[in-house]
Amino acid sequence: MKKFKNDWELVEITFHTFSKNIAMKLLPTSRWLAVYLILLLPGIGQSQSREDEVLTLLNIARTNPQGFINSHVKEYLKENNLTKNRYAQSLISNLKKCTKMGALKTSKALTDVARLHALDMGTRGMTGHTSSDGTMFSDRLRKKANAGGMIAENCDYGNEEPLDIVMALLIDDGIKSLGHRKNILEPHYQWIGIAIEKHKTYRVNCVMDFAEKIE
């Protein structure tokens, strides 16, 4: 019989390999308790969701913009042949001058609104900030999420990896206003909702809804 380094190694293998009933028969009581806790708390022992990873990257860029250049931006630009791209170069310039700001906190209300929009756009193969029924993003955020103060929305299409999503919006290639970048690096925003869903045309889409206040 295989020897395990500790109970948690066995717990992890049991969680991913056996059904709940089989695990109950095979594990001693103390070890089954650990498995039960993992089943009860899905976040334990599992990898971070893509949406959580996006939030983590956004907050690194906000709370340590200069550090984000060295930890993520430079290597990303090099790997994707973007070192000479003028939007990418302006991102580095912006981050160098950017003042550290607070981390964004997740709002369930904003996340629900972002999820509905991502599903709406995804199932219909649409893009943009207006819902398929004609509702503007500002109405969605203020009426359905009780968002107050400044609000904004970022939408990204076709990028599946969290770093690709965040970097695409920060570089904002071809967007003269740099609106997506400005939303991410706006210090007034305190709350965010992030949703990643399938898209009929672009395979995947990510919606980020920002708010200064949740009332």
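Me: Which residues lie nearest the centre of the largest pocket, and how many residues line the largest pocket?

Reply: Rolling a probe the size of a water molecule over the atoms shows where empty space is left. On a 1 Å grid over the protein atoms alone, a pocket is an open set of points where a 1.4 Å probe fits, with protein on both sides within 12 Å along at least five of seven lines, and lining residues have an atom within 4 Å of a point. In this predicted model, local features need pLDDT of at least 70, side-chain atom pairs count only at pLDDT 80 or more, and totals for linings use all residues. Residues are numbered from 1 along each chain as its sequence is written, and side-chain values use heavy atoms, without hydrogens or water. Here 14 residues line the largest pocket, and Asp156, Ala168, Leu169, Asp172 and Asp173 lie nearest its centre.

Me: Which helix gives the largest share of that lining?

Reply: Helices are DSSP runs (H or I, at least four residues), numbered from the N terminus. Helix α9 (residues 162-171) supplies five residues, the largest share of the lining.

Me: Is Asn85 buried or exposed?

Reply: Buried means under 20% relative accessible area, with a 1.4 Å probe and protein chains only. Asn85 has a relative accessible area of 17% and is therefore buried; its place is the loop between α5 (65-79) and α6 (86-97).

Me: What is Asn85 in contact with, leaving aside neighbours within four places in sequence?

Reply: Contact means heavy atoms within 4.5 Å, and with those neighbours within four places in sequence left aside, Asn85 is in contact with Ile171 and Asp173.

Definitions and conventions
Helix = DSSP H or I, 4+ residues; strand = E, 2+ residues; numbered from the N terminus. Buried < 20%, exposed > 50% of the residue type's maximum accessible area, 1.4 Å probe, protein only.
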